[in-house]
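This briefing goes through one protein chain by topic. Please keep the sequence and the 3D view open while reading.

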Amino acid sequence: MKEGKIVEITPLYEKTIKCPLCSNSFKSSKIRSRFIRVLEQKSDFQTVYQDPAINPSLYFIQVCNYCGYSFSEDFTPYFPPATRELINSKVSEKWSGKNFSSIRTERMAIQAFKLAAYCAQLKREKEITLAGLYLRLSWLYREIDDLEQEKRFQRLAVQSYITSYSNDDYRGTKMSTVRILYIIAELSLRLDNEQQATRYFSIIIEKQKQATEPKIVQMAKERWQGLRESRNHAPI
């Protein structure tokens, strides 16, 4: 810093990322934590920020400028046999070179997440990883008031979470059993599948003594109780 010159600290900063697919280095933006101001958290874990433009979810996905491979920190570094070639043929050979490294709008973030979801499918990532991408996509569509697409990605998310829970592929990740049960129940409730929601909320309550996240257990109890009361007050 030059003497007497004030350097303005901006919310965004750039990181240099080495692409796991093509090995080229590219820039990816992140938000400095000091600028993040949380307003509230929704019952499906969406965090709402005071400034919608300073939303870490907008920059959750890294997109390689050279080959189009899109991924998050939740992706594994391992590429199963033939998946590199598949991504190259389906993504890289058709890549337009669009730059996602600077400021992103919600719609740009949606494009990045869809690219990441496609790459995750081609790479055969775990269902828990796909579920997280779909859930975040539903949040982004909520931000732009697109209810139809929000519901679409909620349906995809709940399907992937159920598959992940059934085959235990969430084990060893940041996702706990009680959390995955809760999000299945919560998304089912938001999609008006009360029977499925009740089933999964009930499993949480049955397993509450083994749960390591009492706050989520309490959230499940409150949602389950609210569901019961709404049924009791429903017109006959």
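S23 sits in the loop between strand 1 (12-18) and strand 2. Helices (H or I, at least four residues) and strands (E, at least two) are DSSP runs, numbered from the N terminus. The model is a predicted one, in which local features need pLDDT of at least 70 and side-chain atom pairs count only at pLDDT 80 or more, while totals for chains, interfaces and linings use all residues. Residues are numbered from 1 along each chain as its sequence is written, and side-chain values use heavy atoms, with hydrogens and water left out.

**Loop residues with positive phi**

- S23 is not a glycine, yet its phi is positive, near 70 degrees.
- S23 counts as partly exposed because its relative accessibility is 44%; buried means under 20% relative accessible area, exposed over 50%, and partly exposed in between (1.4 Å probe, protein chains only).
- R124 is also not a glycine and has a positive phi, about 60 degrees.
- The loop between helix 2 and helix 3 holds R124, which is exposed, with a relative accessible area of 54%.

**The chain as a whole**

- There are 7 helices and 6 strands in the protein chain.
- Along the sequence, the pattern is β-β-β-β-β-β-α-α-α-α-α-α-α.
- A box of roughly 70 × 55 × 35 Å, taken along the principal axes, is filled by the C-alpha atoms of the protein chain.
- The protein chain has 236 residues, and 44% of them count as buried.
- Among contacts with a separation of 6 or more, 60% are between residues 24 or more positions apart; contact means heavy atoms within 4.5 Å.

**The largest nonpolar core**

- A nonpolar core is a set of buried Ala, Val, Leu, Ile, Met, Phe, Trp, Tyr and Cys residues joined through side-chain atoms within 4.5 Å.
- The largest nonpolar core has 67 residues, and I61, Y69, L133, Y161, Y182, F201 and I204 have the most contacts inside it.
- Two or more residues of this core come from each of strand 2, helix 2 (106-123), helix 3, helix 4 (147-167), helix 5, helix 6 (194-206) and helix 7 (214-232).

**The largest pocket**

- A probe the size of a water molecule, rolled over the atoms, shows where empty space is left.
- On a 1 Å grid over the protein atoms alone, a pocket is an open set of points where a 1.4 Å probe fits, with protein on both sides within 12 Å along at least five of seven lines, and lining residues have an atom within 4 Å of a point.
- The volume of the largest pocket is about 950 Å³, where a volume is the space filled by probe spheres set on the points, which are joined across faces, edges and corners.
- Its lining has 34 residues, and F60, D74, G132, R136 and K174 lie nearest the centre of the largest pocket.
- Strand 2 (25-31), strand 4 (47-49), helix 3 (127-143) and helix 5 (177-190) each give at least two residues to this lining, and helix 3 gives the most, with 9 residues.
- By type, the lining has 15 nonpolar, 10 polar and 9 charged residues; Ala, Val, Leu, Ile, Met, Phe, Trp, Tyr, Cys and Pro count as nonpolar, Asp, Glu, Lys and Arg as charged, and the others, Gly among them, as polar.

**Cysteines**

- The structure holds 0 disulfides, a disulfide being a pair of cysteine sulfur atoms within 2.5 Å.
- C19 is buried at 1% relative accessibility, and C67 is buried at 5%.

- R104 lies in the loop between helix 1 (83-90) and helix 2 and counts as buried, at 5% relative accessibility.
- Beyond four places in sequence, R104 is in contact with L58, Y59, I61, V63 and A112.
- Q196, in helix 6, is buried, with a relative accessible area of 15%.
- Q218, in helix 7, is partly exposed, with a relative accessible area of 40%.
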